[in-house]
Amino acid sequence: MQEDLILFGPPGAGKGTQGALLAERYGLLRLSTGDVLRDAVQRGTQLGLEAQRFMNAGELVPDSVILGIVRDHLSGAAAQRGVIFDGFPRTLPQAQGLDGLLVQLGRRLRAVLVLDVDDDTIVKRLSGRRSCPTCGAVYNVYFEPPRQQGRCDACGAELTQRPDDAADTIRRRLQVYHAQTAPLLDYYDAASVVVHRVDGERSIEEVQADLAPLLLP
Ligand code: AMP
């Protein structure tokens, strides 16, 4: 039976970074619903057009849309070795929908890995985040600035800021996280799913060193 993991935490907690490292190390598929949506927005697909206004406002995209994305990816060949969900589920109906999908597909949840990060740190991380549209490198103007302001060290392209990393939108995303997403930890506790909490305020390497052993057989 395939075993899947949920990487859980507020926006900017480091789920994408840690999820990518874990996925590579253990040969798992990292499924970031945010990445799937951003790709759809960039390509101008129907999904992208539908999702964009919610994303730019820091609001959640409707559950039915998100569950459709997850269903498609879970049935694909890449999911056969296990999936790390990043940024999903974010609401109770999404968590319930995921439970239904896992039963249908003969899979189970192994654990929820929580990255604990304070709201003040989140605001600094997200408002300082800049990325390279050409090669995907990510910087932070406070913590990891590029050598030349506004330019990618690797390829020289002009760095961009995600539209939802604007100050007002960050505050809204945090509100939504505390109101709708954080309570899911009680849902998983009640369902006796193992929940591991790690301190996400430390360096990438330190957080990874805590997480990686949790995935050993
Ligand atoms: P993320 O990259 O995970 O922070 O997601 C960026 C934005 O995509 C979020 O602020 C939401 O608008 C949307 N989004 C991503 N995942 C979900 C989800 N599971 N449920 C609803 N909206 C989502």
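Me: What covers the buried residues of H5?
Reply: This is a predicted model, in which local features need pLDDT of at least 70, side-chain atom pairs count only at pLDDT 80 or more, and totals for chains, interfaces and linings use all residues. Residues are numbered from 1 along each chain as its sequence is written, and side-chain values use heavy atoms, with hydrogens and water left out. The cover over the buried residues of H5 includes strand S1 (2-8), H4, strand S3 (83-86), strand S4 (107-116) and helix H8 (184-190), where contact means heavy atoms within 4.5 Å.

Me: Ok, and which residues in H5 are buried?
Reply: Gln 94, Ala 95, Leu 98, Leu 101 and Leu 102 are buried in H5, that is, under 20% relative accessible area with a 1.4 Å probe and protein chains only, whereas exposed means over 50%. Seen down the axis of H5, these buried residues fall within an arc of 120 degrees, so they line one face of the helix. The face turned away from that buried side carries the exposed residues Val 103 and Gln 104.

Me: What comes after H5?
Reply: Gly 106 follows H5, and its phi is positive, near 70 degrees.

Me: Switching topic, how do H2 and H4 cross?
Reply: The axes of helix H2 (residues 33-43) and helix H4 (residues 63-74) come within 11 Å and cross at roughly 100 degrees. The two are therefore roughly perpendicular to each other, a term for angles of 65 to 115 degrees.

Me: And which residues make the contact?
Reply: H2 contributes Thr 33, Val 36 and Leu 37, while H4 contributes Ile 66, Ile 69, Val 70 and His 73.

Technical notes. Axes fitted to C-alpha atoms, helices over the stretch in contact; angles between N-to-C directions. Helix = DSSP H or I, 4+ residues; strand = E, 2+ residues; numbered from the N terminus. Parallel < 35°, antiparallel > 145°, perpendicular 65-115°, else oblique. Arc of directions from axis to C-beta.
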